[in-house]
Amino acid sequence: MTTSRAQGSLHQAREDAVPTRLERENAQLRQAVESHATVDQAIGVLVAVHRLTPTAGFDVLREVSQHANIKLHTVAETVIDWALGGSLPQPMGEELDAAVRRRLRAEGESDRRG
């Protein structure tokens with residue numbers, strides 16, 4: 001009898017864990033989709049303002065994130081806020097300018113080669 005009761009408790013614990021695990025995974029997926037949308041919007045800002053390709057826009061965001069040691073989605077949120085009239089905090093503004101210059105220079109060089 002004890003074994004049966006213990007097995008029943010274990011089975012119930014597993015069943016109880018499934019909704020919790022699924023809720024956690026769902027929240028993580030929601031966060032990933034929101035973060036992706038934010039990054040896409042920031043890429044759009046860079047494409048419009050600096051006439052970069054979308055790939056170059058992503059590269060700029062990634063470089064700023066790495067050089068300034070700031071999470072990518074935070075850089076993206078700041079770029080969007082800047083586009084809406086906010087300011088770019090330092091060193092992010094300097095890193096963004098430098099990354100854009102590097103990308104524009106790289107794109108110009110590839111145009112001359114092509």
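Modeller: H2 passes H3 in a right-handed crossing; a crossing is right-handed if the near helix is turned clockwise from the far one by less than a right angle, and left-handed if anticlockwise. This is a predicted model, in which local features need pLDDT of at least 70 and side-chain atom pairs count only at pLDDT 80 or more, while totals for chains, interfaces and linings use all residues. Residues are numbered from 1 along each chain as its sequence is written, and side-chain values use heavy atoms, leaving out hydrogens and water.

Helices are DSSP runs of H or I with at least four residues, numbered from the N terminus. The axes of H2 and H3, lines fitted to C-alpha atoms over the stretch in contact, come within 9 Å and cross at roughly 115°, on a scale from 0 to 180 degrees between N-to-C directions. H2 contributes Phe58, Leu61, Arg62, Val64 and Ser65 to the contact, and H3 contributes Leu72, Val75 and Val79; contact means heavy atoms within 4.5 Å. By class, these comprise 6 nonpolar, 1 polar and 1 charged residues, where Ala, Val, Leu, Ile, Met, Phe, Trp, Tyr, Cys and Pro count as nonpolar, Asp, Glu, Lys and Arg as charged, and the others, Gly among them, as polar.

Beyond its neighbours within four places in sequence, Val79 touches Ala42, Val45, Leu46, Leu61 and Leu96. Across the protein chain there are 4 helices and 0 strands, strands being DSSP runs of E with at least two residues.
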